[in-house]
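Student: Could we go through this structure together, slowly? I'd like to know how its parts are named before we look at any of them.
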Amino acid sequence: MILPTLRKHATRFSLSLIGVLIAIFFISPLLWYLFAPFDKQPTLMVRLPPEPSFVNFQVVTSNERAMRGLLLNSVLISGSVMVIVAALATLAAYGFSRSDLPGRNAVTYVLILFSSVVTGTASMVPIFLLIFRLGMFDTYQGVILTLAGGALPNAIFIMRDFVDNVPR
């Protein structure tokens, strides 16, 4: 009677220990991201900074190239992608939701299926060739259109569900 109970507790303990070890494995990079910027001499080891400092932030913010890349490029690209995807997804979702096209549900689900199955890695070369031949290589427009095209199928799917619930 005692042996099965002991075995059950030992199994629970070992599974809990394995779970804790896995959690530590996945949490340690996050802790490094949290503590390393405040360390004057960061290492690859997770540790509390001996003397917390904002020197690293001053170095990055004083670098003109880093700030241009961080602020201007990020805001310009993400803002443009957001506006394009929101506008096009709303128009497409309205069309799918309000029209009486046969197979409109199938079209929406095929859009989602293909956007999920054809990953960015599989479509990288064709997209590169298209952007290169259109003369948009190394331009903001090429990056914006590529990111917008990747986000559009999911946005249409989400917006269609929203527009379906809006009364006519």
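Tutor: Helices (H or I, at least four residues) and strands (E, at least two) are DSSP runs, numbered from the N terminus. This is a predicted model, in which local features need pLDDT of at least 70 and side-chain atom pairs count only at pLDDT 80 or more, while totals for chains, interfaces and linings use all residues. Residues are numbered from 1 along each chain as its sequence is written, and side-chain values use heavy atoms, with hydrogens and water left out.

Student: Okay, where is D138?
Tutor: D138 lies in the loop between α5 and α6, and its phi is near 60°, a positive value in a residue other than glycine.

Student: Is D138 buried or exposed?
Tutor: D138 counts as exposed because its relative accessibility is 72%, given that buried means under 20% relative accessible area, exposed over 50% and partly exposed in between (1.4 Å probe, protein chains only).

Student: And what about M136?
Tutor: M136 is in the loop between α5 (124-133) and α6 (140-164), but with a relative accessibility of 18% M136 counts as buried.

Student: Which residues does M136 touch?
Tutor: Leaving aside residues up to four places away in sequence, M136 touches I131, Q141, G142 and L145, where contact means heavy atoms within 4.5 Å.

Student: Switching topic, how many helices and strands does the protein chain have?
Tutor: The protein chain has 6 helices and 0 strands, and along the sequence the pattern reads α-α-α-α-α-α. The radius of gyration of the protein chain is 25 Å, well over the 15 Å that the globule rule gives for 168 residues, so the chain is more spread out than a compact globule. That radius is taken over C-alpha atoms, and the globule rule is 2.2 Å times the number of residues to the power 0.38.

Student: How much of the protein chain is buried, then?
Tutor: Buried residues make up 15% of the 168 residues in the protein chain, and D39 is one that is buried, with a relative accessible area of 6%.

Student: Where is D39, and what does it touch?
Tutor: D39 sits in the loop between α1 (2-35) and α2 (55-62). Not counting residues up to four places away in sequence, D39 touches R47, P49, P50 and N56.

Student: What joins the side chains of D39 and R47?
Tutor: A polar contact of 2.8 Å joins them, meaning a pair of N or O atoms within 3.5 Å; within protein, one must be able to donate a hydrogen and the other to accept it, and residues adjacent in sequence count only if both atoms are side-chain atoms.
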